[in-house]
Amino acid sequence: MIERLNHVAIAVPDLDEAMSRYRDILGAQVGPPIKEPDHGVTVVFINLANTKIELLHPLGAESPISKFLERNPKGGIHHLCFEVHDIGAARDRLVSEGARILGPREPRIGAHGLPVLFLHPADFNGTLIELEEMPSSNSHG
């Protein structure tokens, strides 16, 4: 059901500092900040040869990332995102197996402009999982 790892999301308390560390110290290709008000975050994607890193910074006090950073003031891994071919079929299968969807059961549009769902971390060894539907023309061989 899950395909490749799309990205690892890291919550950061200082977006500029995090961008600088990845760009200047690690030599990574760091994209521009993108505000995602529907999700309460500002995101920055770091493109790697085999996946991406998504830096997450709160956009407002009600952001889920604000709550994460209250518990983890230095930041840390927030979630893993896996690609799926059919997010509705994946959701239905997961729910039938007892997995819980966070928020509405209908996918929302994520930072890549594609449908996403989040799975409850308690069902996956304490790890928040994001599923992202890939366009039908996208093939990873």
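Select Ile10, Ala11, Val12, Pro13, Asp14, Glu17, Ala18, Arg21, Tyr22, Leu26 and Lys74: these residues line the second largest pocket. A pocket is an open set of points on a 1 Å grid over the protein atoms alone, where a 1.4 Å probe fits, with protein on both sides within 12 Å along at least five of seven lines; lining residues have an atom within 4 Å of a point. The model is predicted: local features need pLDDT of at least 70 and side-chain atom pairs 80 or more, while totals for chains, interfaces and linings use all residues. Residues are numbered from 1 along each chain, and side-chain values use heavy atoms, without hydrogens and water.

This pocket holds about 200 Å³, the space filled by probe spheres set on points joined across faces, edges and corners. Helix α1 (15-25) gives the largest share of its lining, four residues. Helices are DSSP runs (H or I, at least four residues) and strands likewise (E, at least two), numbered from the N terminus.

Next, select α2 (64-71), where Ile65, Ser66, Phe68 and Leu69 are buried (under 20% relative accessible area, 1.4 Å probe, protein chains only). They lie on the same side of α2, because they cover an arc of only 160° around the axis, taken from the directions from the helix axis to the C-beta atoms. On the other side, Glu70 and Arg71 are exposed (over 50%).

Now show the largest pocket, with a volume of about 740 Å³. Closest to its centre, of 34 lining residues, are Pro64, His78, His79, Phe118 and Leu128. Here α2 gives the most to the lining, with five residues.
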